[in-house]
Amino acid sequence: MSGHGNAPHAAERAIVRLQQRGVDVTAIVGRDAAQARDLVREHLDRGTDALVVVGGDGVIGLALQELAGTEVPLGIVPAGTGNDHAREYRIPTGDPEAAADVIADGNTRTVDLGRIDADDGTRRWFGTVVATGFDSLVSDRANRMRWPHGRMRYNLAMVAELSKLRLLPFRLSFDGGPAEEHALTMTAIGNTRSYGGGMLICPGAEPTDGLLDVTMIASASRSRLIRLFPTVFKGTHVNLDTVTTRRATTVRVECPGINAYADGDFAAALPADITAVPGALKILTNG
C-alpha cells in the first residue's frame, strides 16, 4: 500500500528488494483514501502475512483503521515528510531497501494503539499523537488554503494563527475522574513520543505501557510560545512552567469549536474520549 509524492519510487525500490529476499508482493494503490481502504480490506479478508505501507504517517493512519486488533503485522517503508512512526520504531528513513530488509527479517513487536471515540460517533485509531488546540487550528487553516503548497502553506497558517493566539477553554477528565477546567494553548495526547517530524511533544510516552501521555501547554504570549518550539525537538519543554503533563488510560477532551488531528490528519471534532488500547497492533521492527 503506497501513498503519493516520493512513495511510488520508494515502493518500486522496496518491492525489488523484498522480491530479492523471496517475499511475494502484491501492490495496492487506490485513487483516494476510501478506495485504498477498500482494497486493503479486500486483501486482508483474503489472507495476507503482512501489510506494508510505503508513505508517511497519514497513509499509515489509514492502514491502522484496518489492522487494529488483528494478527496481521504492519510493515513500514518511510516515504513521507514527518515519518514519526518510523522514527519511533527505528525503521530506516531515506533507504527503501534497508526498510524492506527490516520487513523481510520478520521481527514482530506487539504495541499499543490509541483510539478516538468522538461524541458524533466517529471512531479513529492512531499510532502516534493526537493534537488539539493551537496545532489543530493551524492544520484547519492550512487545509483551507489553496496556496502555497508544501511546508510553506503550514508555516503561513502558523503565522496567521499566532496573530490570533489565545487561551482556549479545555475541559479534561482523566480515567473517568472529575472534569477539570483548563485555559490552554493546546493539548497533545501521545501513544508515542513525537509528531510533526521529530517534535518530542510527549517525550515520556512509551507504546507498550498501556497509557497515554498528555502534554498541556498554557501560553497566551506569542513570544514565549515561539521560544518554546525549539525545546520541543529535545523534549525539554516539559520542564517549563507553562507546561503540565499527565498520564492516563482514557482522557475525555472537550473544547468548543476545536478539532482533533491524529497521525497528522483530521480525526474528529471534539468532544471525544481518547483511550490507550494495549497490544492492538503488531509491527515489523528493527530488532
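**Labels and their grounds**

Student: Why is aspartate 175 called partly exposed?

Tutor: The model is a predicted one, and in it aspartate 175 has a relative accessible area of 47%. Buried means under 20% and exposed means over 50%, so aspartate 175, at 47%, counts as partly exposed. Aspartate 175 is placed in the loop between strand S6 (168–174) and strand S7 (180–184).

Student: What is the phi of aspartate 175?

Tutor: Phi is positive there, about 50°, although aspartate 175 is not a glycine. Asparagine 83 also has a positive phi, near 55°, and is a residue other than glycine. Asparagine 83 lies in the loop between strand S2 (74–78) and helix H4 (84–88).

Student: What makes asparagine 83 count as buried?

Tutor: Its relative accessibility is 12%. The limit for buried is under 20%, and therefore asparagine 83 counts as buried.

Student: Which residues of H2 are buried, and what puts them on the same side?

Tutor: Ala36, Val40 and Leu44 are the buried residues of H2. They cover an arc of only 70° around the axis, and therefore lie on the same side of H2. Strand S1 (51–55) and helix H3 are included in what covers these buried residues. Asp45 and Arg46, on the other side of H2, are exposed. Just after H2, glycine 47 takes a positive phi of about 110°.

Student: How does the length of helix H7 stand against the expected value?

Tutor: H7 (residues 151–162) has 12 residues, and 16 Å is expected at 1.5 Å a residue. From its first C-alpha to its last, H7 reaches 17 Å, close to that value.

Student: Which residues of H7 are buried, and why are they said to line one face?

Tutor: The buried residues are Ala157, Met158, Glu161 and Leu162. Seen down the axis of H7, they fall within an arc of 135°, so they line one face of the helix. Helix H6 (134–144) and helix H8 (222–232) are what these buried residues pack against.

Student: With what is arginine 141 in contact?

Tutor: Arginine 141 lies in H6. Leaving aside neighbours within four places in sequence, arginine 141 is in contact with Ala157, Ala160, Glu161 and Lys164.

Student: Where are cis peptide bonds found, and with what omega?

Tutor: One of them runs from tryptophan 147 to proline 148, with omega near -5°. Proline 148 is in the loop between H6 and H7. Another joins leucine 270 to proline 271, with omega near 10°; proline 271 lies in the loop between S13 and strand S14 (272–284).

Student: How many cavities of 30 Å³ or more are there, and what makes a space a cavity?

Tutor: The structure holds 2. The term cavity applies where a 1.4 Å probe fits but cannot get out. The largest has about 50 Å³ of space, and the residues lining it include Phe134, Leu137, Glu161 and Thr185. By class, its lining has 4 nonpolar, 2 polar and 3 charged residues. The second largest cavity has about 40 Å³. H8 gives the most to the lining of the second largest cavity, with 3 residues. The class counts for that lining are 8 nonpolar, no polar and 1 charged.

Student: What is the volume of the largest pocket, and which residues are closest to its centre?

Tutor: The volume is about 1,200 Å³. Of the 31 residues that line the largest pocket, Thr81, Arg151, Tyr154, Gly264 and Asp265 are the closest to its centre. The elements giving two or more residues to the lining are helix H3 (57–67), strand S5 (129–133), H6, H7 and strand S13 (265–269). By class, the lining divides into 11 nonpolar, 13 polar and 7 charged residues.

Technical notes: Residues numbered from 1 in each chain as written. Predicted model: local features only at pLDDT ≥ 70, side-chain atom pairs only at ≥ 80, totals over all residues. Heavy atoms only, no water. Helix = DSSP H or I, 4+ residues; strand = E, 2+ residues; numbered from the N terminus. Expected span 1.5 Å × (residues − 1). Buried < 20%, exposed > 50% of the residue type's maximum accessible area, 1.4 Å probe, protein only. Arc of directions from axis to C-beta. Contact = heavy atoms within 4.5 Å. 1 Å grid on protein atoms, 1.4 Å probe; cavity = no way out; pocket = protein on both sides within 12 Å on 5 of 7 lines; lining within 4 Å. Points joined across faces, edges and corners; volume = space filled by probe spheres on them. Nonpolar A, V, L, I, M, F, W, Y, C, P; charged D, E, K, R; others polar.
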